[in-house]
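The sequence and the model follow.

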Amino acid sequence: MVEKLYVSYNEVHKLCQASAQRILDDIKPNLMIAIGGGGYVPARILRSFIKRPGHPNIPIQAIGLSLYEQLGNDTEVEKPGTKVTRTQWLDLSSLEMANLIGKNVLIVDEVDDTRTTLEYAVKELQSDVAAAAKALGRDAEDTKFSIFVLHNKDKPKKGSLPADVIDGDRYIAAVTTGDVWINYPWEATDIDEHDRMAAKQAAK
Ligand code: 5GP
């Protein structure tokens, strides 16, 4: 049976808080792109901790990517799909994409499992920015993509990320776990029971 890890809203909040200084020091994001649905809540919480006094809030854009297909009601663990599907993407108008050129863009998701989704997101965003930069005669190399996840599972990855992201301190995972299944609070249908399970695990 797959081991399950229950994470409370409170823990998610504190994981974002604990990573904020490193994100400010190493990444200095101008913009966040949250991968939905798991990246939305962490991105919003993180924004509160990386807001600098006298500066506007860091904008959050959303993309929707889907890799996992549900097996049915009799299982609580989802089976990995093989292909990433875009369910939502950035507005590809040149004005919108031009906004990314030369920026420090922080991609936020809840978990890095096989890395397939993150690989897809980085590759596609890089290629969209390159196309926008080319059309405008600007340099796409100035755009720096970074990644923040709450949990990284320490396991062989199917996807890969650019070396300058991994080696250049532009990949931040608040926690590294084993190959467990993580239950996030926003997926809970009974949040009180979810919190009881999280508290029980934390007490161990
Ligand atoms: P990857 O592409 O890295 O294999 O998986 C990314 C996506 O799979 C995540 O954004 C998430 O939606 C889903 N996923 C992978 N592992 C877990 C897990 O342990 N718990 C939950 N709730 N979702 C997971």
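At the start of helix α6, a side-chain oxygen of D190 comes to within 3.2 Å of the backbone nitrogen of D192. The model is a predicted one. Helix α6 itself covers residues 191-203, a run of 13 residues. From first C-alpha to last, α6 reaches 18 Å, close to the 18 Å expected at 1.5 Å a residue.

A second topic is the pairing of two other helices. Two packed helices are described by the angle between their axes and the distance between the axes. Helix α1 spans residues 9-26 and helix α2 spans residues 40-50. Their axes come within 8 Å and cross at roughly 50 degrees. Angles under 35 degrees count as roughly parallel and those from 65 to 115 as roughly perpendicular; α1 and α2 are therefore oblique to each other. The crossing of α1 and α2 is right-handed.

Which residues make the contact between α1 and α2? From α1 come V12, H13, C16, Q17, A20, I23 and L24. From α2 come P42, I45, L46, F49 and I50. By class, the residues of this contact divide into ten nonpolar, two polar and no charged. An α-helix has 3.6 residues a turn, so residues three or four places apart point the same way.

Most residues other than glycine have a negative phi, and most peptide bonds are trans. The table gives the exceptions described here.

| Site | Backbone value | Loop |
|---|---|---|
| K28 | phi about 45 degrees | between α1 and β2 |
| R115 | phi about 75 degrees | between β5 (104-112) and α4 (116-136) |
| G36 and G37 | omega about -5 degrees | G37: between β2 (31-36) and α2 |

K28 has its positive phi although it is not a glycine, and R115 likewise has a positive phi without being a glycine. The peptide bond that joins G36 and G37 is cis. The loop that holds G37 runs between β2 and α2, and α2 is the helix whose axis crosses that of α1 at roughly 50 degrees. K28 is in the loop between α1 and β2.

Key:
Residues numbered from 1 in each chain as written. Predicted model: local features only at pLDDT ≥ 70, side-chain atom pairs only at ≥ 80, totals over all residues. Heavy atoms only, no water. Axes fitted to C-alpha atoms, helices over the stretch in contact; angles between N-to-C directions. Helix = DSSP H or I, 4+ residues; strand = E, 2+ residues; numbered from the N terminus. Parallel < 35°, antiparallel > 145°, perpendicular 65-115°, else oblique. Left-handed = near helix turned anticlockwise from the far one by under 90°. Contact = heavy atoms within 4.5 Å. Nonpolar A, V, L, I, M, F, W, Y, C, P; charged D, E, K, R; others polar. Expected span 1.5 Å × (residues − 1). Polar contact = N/O pair within 3.5 Å; in protein donor to acceptor, adjacent residues only side chain to side chain.
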